[in-house]
Amino acid sequence: VTWTEVNDSYNNGNGAAKGLASNQSDGLYAVDGQGRVEASVNQGQNWVVRNSNYGRTSDTQDVFVDSVNNIYVLASSNKEVWRSNNSGVSWVEINNSFTSKALQAGTSDSSDNLYVIAGAEGIVYKSNNSGVTWTEVNDSYNNGNGAARGMVSLRYNTNITFQVRNC
């Protein structure tokens, strides 16, 4: 496998992307820890600020996109899920009912179910209504061995969701 650098100046060279997601039309979205949302329509060659503050100026943990190009951002210790339906220009908080665990990572599957992992215990939650309500799927995917740092779903062929932990 060969990797090629396509841009060395995301976020004006400040880096610090906390999440990266792609949509159905080859667009990329990235968020940093301060709530800045940027988009690229040319595979990361150039980035445009969509919103410098989706609703939080810190605490951003991850970004993911569903099949109709809604973008979701997780505010970790604030335990909030935010959604944009206009490519990241404006945002609405859709859920803040995660009362006890910081949100770590999120994804959506091919049926547009949303998933988030919360807390160091690795509790998995699922929403089948665009994030309005959430149901606990299990109480630990990893027997409490550390918080998730990323989550990816194979959108086109399966509903199986995979997760990676910071080791």
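Tutor: Two strands pair if DSSP finds at least two bridges between them. Strands (E, at least two residues) are DSSP runs, numbered from the N terminus. The model is predicted, so local features need pLDDT of at least 70 and side-chain atom pairs count only at pLDDT 80 or more, while totals for chains, interfaces and linings use all residues. Residues are numbered from 1 along each chain as its sequence is written, and side-chain values use heavy atoms, with hydrogens and water left out.

Student: What makes β1 and strand β2 (residues 28–32) a pair?

Tutor: They are joined by 5 bridges and run antiparallel; the requirement is at least two, so they pair. Within β2, Y29 stands opposite A21.

Student: Why are β1 and β4 called edge strands?

Tutor: The open sheet has 4 strands in the order β1-β2-β3-β4, with antiparallel pairing. Both β1 (17–22) and β4 (48–51) pair on one side only.

Student: How do you know that β7 pairs with β8?

Tutor: There are 3 bridges between β7 and strand β8 (residues 92–95), which run antiparallel; at least two are needed, so the term applies. R83 has V92 in β8 as its bridge partner. Strand β6 (residues 71–75) is also joined to β7, by 5 antiparallel bridges, and A75 stands opposite E80 in β7.

Student: Why is strand β7 described as mostly covered?

Tutor: A residue is buried under 20% relative accessible area, exposed over 50% and partly exposed in between (1.4 Å probe, protein chains only). In β7 (residues 80–84), 4 of the 5 residues are buried, and the strand is therefore mostly covered.
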